[in-house]
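Please open the structure in your viewer and keep the selection tool at hand. The tour moves from whole chains to single residues.

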Amino acid sequence: MEINKKVSEALNSVREKTPLVHHITNYVTVNDCANITLAIGGSPVMADDINEVRDMVSLASAFVINIGTLNSRTVEAMVEGGKKANELNIPVVLDPVGAGATAYRTEVAKRILDEVKLSVVRGNLSEIKTLYGIETQTKGVDSGETIDENADKFTIAKEVAKNFAKKLNTVVAITGAVDIITDGDTLYTAHNGHKIMAKITGTGCMCTSLIGSYLGAADSALIAALAGITSMSIAGEVAYENLDKNNEGTGTLKSRIIDGIYNLNENVIVERGRINEE
Amino acid sequence: MEINKKVSEALNSVREKTPLVHHITNYVTVNDCANITLAIGGSPVMADDINEVRDMVSLASAFVINIGTLNSRTVEAMVEGGKKANELNIPVVLDPVGAGATAYRTEVAKRILDEVKLSVVRGNLSEIKTLYGIETQTKGVDSGETIDENADKFTIAKEVAKNFAKKLNTVVAITGAVDIITDGDTLYTAHNGHKIMAKITGTGCMCTSLIGSYLGAADSALIAALAGITSMSIAGEVAYENLDKNNEGTGTLKSRIIDGIYNLNENVIVERGRINEE
Amino acid sequence: MEINKKVSEALNSVREKTPLVHHITNYVTVNDCANITLAIGGSPVMADDINEVRDMVSLASAFVINIGTLNSRTVEAMVEGGKKANELNIPVVLDPVGAGATAYRTEVAKRILDEVKLSVVRGNLSEIKTLYGIETQTKGVDSGETIDENADKFTIAKEVAKNFAKKLNTVVAITGAVDIITDGDTLYTAHNGHKIMAKITGTGCMCTSLIGSYLGAADSALIAALAGITSMSIAGEVAYENLDKNNEGTGTLKSRIIDGIYNLNENVIVERGRINEE
């Protein structure tokens, strides 16, 4: 359980350093992203005006770009903020929400890939395939495709992730029933989580904010991505287990996931983490 | 209880079909709208840039327009999205939040009525009267008027709804202590809910998102509107009943309403539904 | 406990009058601001388009300006709305979120101070010092400095607040571990609250919305500011006490704070309020 230990250390590092994590993100899940960043131990800030994005990024330890409700005004701020972060060696994570669903969304995501050096890209299978240039179906902002551990698709997804990571020189994370995290050389699969999490909006966005928090405190982008994903999935599991199935549902579950991140500690990670290096 | 059975069937249909429900909505309640759409069984997407609204609407099974925090940029996207939906026979529901409160808001709501063919309009009494052209008082985004079952106002409200529905060839729903739902011929009154629901922001918006979800899966816009309203009201009742009145209040209640939608099923609707055809 | 009694009376006044509280605020915490305004007994409205801000402000009993996610479009609406409120003698409260963090944010906050007559300014120590023109460190949108009851800093903070209040002829409130509220003559310190509240986004914003609600119903801006701050802090205390520390955390706590405001009453304030006049 060497790797669980590393994830725990990354968590401790976030809690010690309280990294400021700047976000340009969507207005659907932004409150949950801010609260989960606080719950893990980071300090969130959201500001999207072009007049201040460079200044705000300069204060930050990591920068999260999430295109969930992009518009022409905020896209410019994303790109400018990303460039400033690159200048200052501040790590950037991209969540290409809904890439593939519309031409505009795909173009914007690709433009960010072109103009900003990313430490991590986290998306679902459809989004990542779209960015890599493989045909896929994206249904709105949810994946039109799922990863099944035993299918050929799983093998293909791992190949896509590795090749994409090598090509971009970044960490690529594909999240789904099983998660794939790779820097092009090392590849981890992560097996925590519960399918009910797909019934809450923003579990992907929150996961990206957690990755941003870890990036702001950790040395390795690969471990940051893995730690963000594993933290989110464990919190989802714990939240589901504690749910009173007769009276409670996804409304309560959302609060409990943030509770789960707040209560996360070394023991929980070491006991529950289900990560394989492949 | 024939009609409760129809509502139940509509619910089953949403859960089978998982309709993609595109929204251009306000940033106050958008997260709750997304989560309640997921809880009922739909798949929400929110995107408001003019560069992608036509593409996103084209993927959807229904389109929700909510003018809660309208601005000149998003209004154009609402109209363009609505036109595209009309072209493709995708049903559109309008929530004219705060129509009557400001001239701009009233104009925009009327412009949407003029340029977009709507399947359902859902509002409170002030909003609907404003759109129909009757003088009223709207206090901010909340109704300045209430419907009381025993008053003349109730009779008048039903007349307004019927006439408006005929004039526009759409389903009109007026929600309040009692709800009125009509396509101009058939008129239902719905009697579920609890007055505490007015103490949470977005119960109207969430109701409209539920109607959008039903529209994306059902054949009848009248049943979709009735089912959305009844689902919301029953969830509110159940949430209130389960509340620990000493320690819990409207913060917890909001999560429990989403829980109630997630746990909604045929039995709950058949037992609790209080719908009259008049 | 004369002063606790006055706060209670202010609460009763909010609940009797249901003041309409117009907000131009950020998209991160807007939903919580709306729900807490409803919970205290006010009626929230959020509208930021320049085409309707004057009309909406005209309907309101108080106007809240919160620059959390300001942009060039909404800043104009803030200023225009503020001027209209001044014309109509509608009280305005400013939350200068993150002033000091970026030059743009500081400029905008100062512009609002210049162009709009404010009844209350509420911020953390860094924000207030920035606006008063003292050098400070603001870390993102959170205070880079804290007030400690026994330090010199506390004495200095009280001086800053008093001088700033006199200079601007407004009530100044600095919130932190201890809160300072002054109109330049009378100065209160308020000692309720729990440090976990800093682990939830928007406790400051919600506090400002509560002050807006009290301003919409009370005669005295000083009492309104004190009442808003004390209400928020007591709700935070109660929420924390009721938390199941093994399974619950900041996700649940946020809902419980709104519950606490909903359940707030005279007895709770009289028993728990810890306010000193200095």
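The stops below take in the chains, a sheet, a pair of annotated residues and a helix residue, all in a predicted model.

**Stop 1: two chains and an axis**

Select chain A and chain C. What rotation superposes chain C on chain A? A rotation of 120 degrees does so, with 0.0 Å of shift along its axis and an RMSD of 0.0 Å. That is how a three-fold axis relates copies. In general, a rotation about an axis and a shift along it relate two copies of a chain.

Now pick Tyr27(C). Of the residues of chain C, Tyr27(C) comes closest to the rotation axis, with its C-alpha at 3.5 Å. The copies use different surfaces, as 6% of the contact residues of chain C recur in chain A.

**Stop 2: the sheet of chain A**

Hide the other chains and show chain A as a cartoon. Look for an open sheet of 9 strands with mixed pairing, in the order 2-1-3-4-5-8-9-10-11. In general, pairing in a sheet goes through backbone hydrogen bonds, and strands may be parallel or antiparallel.

Which strands of chain A stand at the edges? They are strand 2 (43-46) and strand 11 (275-277). Each has a single partner strand, so one side of each has no neighbour in the sheet.

Zoom in on strand 1 (residues 20-24) of chain A. Strand 1 and strand 2 of chain A run parallel and are joined by 4 bridges. Select Leu20(A), and opposite Leu20(A) you will find Ser43(A) in strand 2 of chain A.

**Stop 3: helices on the sheet**

Next select helix 6 (residues 125-132) of chain A. Helix 6 lies across strand 5 (120-123) and strand 8 (171-174) of chain A. The angle between helix 6 and strand 5 of chain A is about 130 degrees.

**Stop 4: two annotated residues**

Select Arg122(A) and Thr175(A), which an unreviewed UniProt entry lists under "binding site". They are spread over 54 residues of sequence but cluster in space, with a largest C-alpha distance of 7.3 Å.

Arg122(A) is in strand 5 of chain A. Is Arg122(A) buried or exposed? Its relative accessible area is 5%, so Arg122(A) is buried. Beyond its close sequence neighbours, Arg122(A) is in contact with residues including Leu94(A), Asp95(A), Pro96(A), Gly204(A) and Cys205(A).

Thr175(A) sits in the loop between strand 8 and strand 9 (179-182) of chain A. With a relative accessibility of 17%, Thr175(A) counts as buried, because the cut-off for buried is under 20%. Leaving aside neighbours within four places in sequence, the contacts of Thr175(A) include Gly123(A), Asn124(A) and Ile229(A). Show side chains here: a polar contact of 2.5 Å joins those of Thr175(A) and Arg122(A).

**Stop 5: a helix residue in chain B**

Switch to chain B and select Ala224(B), which lies in helix 9 (residues 221-241). Ala224(B) is buried, with a relative accessible area of 0%. Not counting residues up to four places away in sequence, Ala224(B) touches Ile211(B), Tyr214(B) and Leu215(B).

Ala224(B) and Ile156(B) are 68 residues apart in sequence. In space they are 24 Å apart, C-alpha to C-alpha.

Methods. Residues numbered from 1 in each chain as written. Chains lettered and ligands numbered in written order. Predicted model: local features only at pLDDT ≥ 70, side-chain atom pairs only at ≥ 80, totals over all residues. Heavy atoms only, no water. Least-squares fit on C-alpha atoms with pLDDT ≥ 70 in both. Contact = heavy atoms within 4.5 Å. Pairing = 2+ DSSP bridges. Helix = DSSP H or I, 4+ residues; strand = E, 2+ residues; numbered from the N terminus. Axes fitted to C-alpha atoms, helices over the stretch in contact; angles between N-to-C directions. UniProt positions renumbered as here; feature names shortened; annotations may be inferred. Buried < 20%, exposed > 50% of the residue type's maximum accessible area, 1.4 Å probe, protein only. Polar contact = N/O pair within 3.5 Å; in protein donor to acceptor, adjacent residues only side chain to side chain.
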